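Please examine the sequence and the structure shown here.

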Amino acid sequence: MSNYLEKFEKMRVAGSLASKTLDMITDYVKEGTATNHIDKLCYEFIRDNGGYSAPQFYRGFEKSICTSLNHVVCHGIPGDRTLQDGDIVNIDVTAIINDHYGDTSRMYTVGNASVKSKKLINVTYESLNRAIKILKPGKRIGDIGHEIQSFVEKNGFSVVRDFCGHGIGTNFHQEPNILHYGSKDTGDELKPGMTFTIEPMINAGKYHTKVLDDGWTAVTKDKTLSAQFEHTVGITENGYEIFTESAKGYKEPPYN
Ligand code: MF3
Ligand code: CO
Ligand code: CO
């Protein structure tokens with residue numbers, strides 16, 4: 001019953017390094033900053049705090065973080081592109097420290113974001129928040145998906161099917177898959193000691209995605225905007241713990 005406490009201790013360290021990286025980057029997310037520069041700053045921050053960036057060389061990815069702009073759903077590759085007024089961008093950081101992984105992402109707006117993109121960001125954040133709040137032993141994985149899907153669709157948006165959350169611990173991605181859509185009372189039961197991510201990707205239009213020729217960048221097929229938030233969480237005896245909560249008060253958007 002208590003032999004996962006040691007693991008949780010390490011997940012706290014890894015999770016807080018990842019979330020501190022996002023805290024640190026907040027002030028740089030503004031017009032004119034290249035996504036490459038954001039990548040470099042995150043890489044250095046994680047390294048200087050005793051960790052490694054997990055995406056680096058992960059299956060050939062080569063950058064340290066993902067930067068997913070506007071209609072990019074996930075796995076956007078940092079590059080020369082500078083942030084422009086009106087952009088929305090997801091920054092996804094995964095840190096390894098002491099052999100444990102912390103994985104978290106947030107949405108940021110650049111300059112004046114449209115009313116529609118702000119609503120998309122808020123609904124996406126709130127869907128993650130609602131899913132986390134129900135976590136406890138005895139709930140099932142389908143309950144998580146149901147919580148997200150019902151809230152998102154009520155607000156007129158759609159839940160991406162092609163990517164999901166994942167078990168995490170001493171591996172970046174492991175069992176179980178955490179689908180962000182589904183039905184109540186289905187799927188595996190949550191048990192104390194489980195650690196996984198929830199990372200809903202929500203589209204303003206249809207849920208279909210495609211991967212670009214670079215082999216990574218996933219975009220919405222209909223070119224509508226997409227948003228995502230991600231936390232790494234653990235199941236406790238009677239609830240949950242969020243390992244990637246902001247230490248700086250950047251809990252809910254907007255952050256800038
Ligand atoms: N951080 C992403 C996730 O939430 C995975 C990125 S893999 C990469 O699972 F190689 F694209 F970085
Ligand atoms: Co993840
Ligand atoms: Co991630």
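## The second largest cavity

The second largest cavity is lined by Tyr125, Leu128, Asn129, Ile132, His231, Ile242, Glu245 and Lys251. These residues belong to a predicted model. The volume of this cavity is about 40 Å³.

Helix α3 is the main contributor to the lining of the second largest cavity, giving four residues. Sorted by class, this lining holds four nonpolar, two polar and two charged residues.

## The largest cavity

How many cavities of 30 Å³ or more are counted? The count is two. The largest cavity has a volume of about 70 Å³.

Of the 14 residues in the lining of the largest cavity, Ser105, Arg106, His231, Lys251 and Tyr255 are nearest to its centre.

Strand β5 gives the most, with three residues. By class, the lining of the largest cavity consists of five nonpolar, five polar and four charged residues.

## Finding empty space

Empty space left between atoms can be located by rolling over them a probe the size of a water molecule.

## The pocket of ligand 1

Where is ligand 1 placed? The space that ligand 1 takes is the largest pocket. Around the ligand there are 14 residues, and those that come nearest are Pro55, His166, His173, Glu199 and Glu230. The shell around ligand 1 comprises six nonpolar, four polar and four charged residues.

## Polar contacts of ligand 1

A polar side-chain atom of His166 is 3.0 Å from an oxygen atom of ligand 1. For His173, an N or O atom of the side chain is 2.8 Å from an oxygen atom of ligand 1. Asp92 faces another kind of atom: an N or O atom in its side chain lies 3.1 Å from a nitrogen atom of ligand 1.

How much of the area that ligand 1 exposes when taken alone does the protein bury? Taken alone, ligand 1 exposes 340 Å², and the protein buries 97% of that.

Note on methods
Residues numbered from 1 in each chain as written. Chains lettered and ligands numbered in written order. Predicted model: local features only at pLDDT ≥ 70, side-chain atom pairs only at ≥ 80, totals over all residues. Heavy atoms only, no water. Near = heavy atom within 4 Å. Polar contact = N/O pair within 3.5 Å; in protein donor to acceptor, adjacent residues only side chain to side chain. Areas by Shrake-Rupley, 256 points an atom, 1.4 Å probe, with all protein chains shown as cover. 1 Å grid on protein atoms, 1.4 Å probe; cavity = no way out; pocket = protein on both sides within 12 Å on 5 of 7 lines; lining within 4 Å. Sits in = over half its atoms within 2 Å of the grid points. Nonpolar A, V, L, I, M, F, W, Y, C, P; charged D, E, K, R; others polar. Points joined across faces, edges and corners; volume = space filled by probe spheres on them. Helix = DSSP H or I, 4+ residues; strand = E, 2+ residues; numbered from the N terminus.
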